[in-house]
Protein chains: 2
Amino acid sequence: MDAIRQVLIVEDLPDVADWLHLQVTQLLAPQAIDLAVSREEGQEKITGKDYDLALIDLGLPDGSGMDLVRPFKEKNRHSLCVVTTIFDDAEHLFGSLRAGADGYLLKDDVESEFSQQLSGILAGRPPLSSSIARKLLEQFHPIFGEKEVTLTRREKDILTLIAKGLSVKHTAEKLGISHYTAASYMKDIYAKLQVNSRAEATLKAIHIGLVNPT
Amino acid sequence: MDAIRQVLIVEDLPDVADWLHLQVTQLLAPQAIDLAVSREEGQEKITGKDYDLALIDLGLPDGSGMDLVRPFKEKNRHSLCVVTTIFDDAEHLFGSLRAGADGYLLKDDVESEFSQQLSGILAGRPPLSSSIARKLLEQFHPIFGEKEVTLTRREKDILTLIAKGLSVKHTAEKLGISHYTAASYMKDIYAKLQVNSRAEATLKAIHIGLVNPT
DNA sequence: AATCCAACCCCCTTTTTCGGGGGGTTGATC
DNA sequence: GATCAACCCCCCGAAAAAGGGGGTTGGATT
């Protein structure tokens, strides 16, 4: 990671802003720290100047800081955009990540934890609060109650292609089998996965890890 | 996090096993550490005894340690299963996570990094190497090249339900509109998303964040 | 030897979807 | 008061999917 020179903090509460300012100064020693106290001011600062790091609060008086993440990353692809918030729920987290956030820190972490994560930036470590990292991992974990579905090699082949959007006919052609056969496999797959639409089958395929939604 | 009492290390290379043993002893001070040098021995140990923590190598002589993750977690739901490997690729990572891994450490990290992550377990922090955490985040990041697709509120409503597996008719009923209308929206959605199957539309819906593949 | 399973193939009917058309109403912005 | 986006409704025909049915073969297990 390059040195952090220009930092933007978007935070409406003065006390918290001060505290963040202090943390950043102590841990990252940047050349300058700008402060924005609203979504709109944040947008202006982002447009007007390039930053190496942004700390963005989500609960702003005139909207969500989430809306700033994408513009920031679009303008400064290789800078870091870290969400600093008290929202510990999946919606805010994954919304921010989908917008392009490079880190997610909870402001009600103990200070040592927060500091450690923030300073880890210099070593190229994405800043993530413990509970956030756990949520991230959980996203991939299997549901253990579920009886494991075992598809045969061929069934997986078919489902993989179907989930990617191919028709049964094209799938059959690609695998060099009759479309009757492919359709037959689809029946088995539907039965095994307990679904009755391509959409559901696709969800399952992703869940099993046959295709990635990228 | 409770104290770590019983630890299992699955690692075929004696040198590495020794090193891991040392790390665990120093950082977590457990009551006992068991060692398995193969997939099969790992399976036996898992079956025979309960552990609070498992460190599992992936590249074992008689198979992949990945196959041990799920059995371990199934037996000991609240213990931690950490993959320790040199494989820094998405396939091994996400495969392990889908199996239920609670952490993923690269053995070729610098020792201080490895130690820090390992000891973080006591504080309830999931052990993740930097590059692994980045991969995790990247999984959710948008593709910035892509022109942002803007679906209308109604289009999102329809797509959300369709992606969950509902038919057009059911979707229409649920939203209290004619099935003609719903079908009409679907056409617009297909055009906007540049897809031509439910499967693809579902992938996009996940990508956009309308539904989660859980 | 019997049985199981995966993998493969074929046929049929009904329903749904896909991709074209054609309309129309609101409500905000200009 | 025109224009636009969002919303809503209708119809058609070709294609595909859903969900039944019926099989053969070869390898592994028992």
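Q: In which sense do strand E1 and E2 of chain A pair, and over how many bridges?
A: Strand E1 (residues 6-10) of chain A pairs with E2(A) in the parallel sense over 5 bridges. Pairing needs at least two DSSP bridges between strands. Strands are DSSP E runs of at least two residues, helices H or I runs of at least four, numbered from the N terminus. This is a predicted model: local features need pLDDT of at least 70, side-chain atom pairs 80 or more, while totals for chains, interfaces and linings use all residues. Residues count from 1 along each chain as written, with chains lettered from A and ligands numbered from 1 in written order.

Q: Which residue is the bridge partner of Ile9(A)?
A: Leu35(A), in E2(A).

Q: What is the strand order in the open sheet?
A: E2-E1-E3-E6-E7 in chain A, with parallel pairing. Strands E2 (32-36) and E7 (103-106) of chain A are the edges, each pairing on one side only.

Q: Which strands does helix H2 of chain A lie across?
A: Helix H2 (residues 39-48) lies across E1, E2 and E3 of chain A, at about 145° to E2(A). Contact means backbone-placed C-beta atoms within 7 Å. Axes are fitted to C-alpha atoms, for helices over the stretch in contact, with N-to-C angles from 0 to 180 degrees.

Conventions
Contact = placed C-beta atoms within 7 Å.
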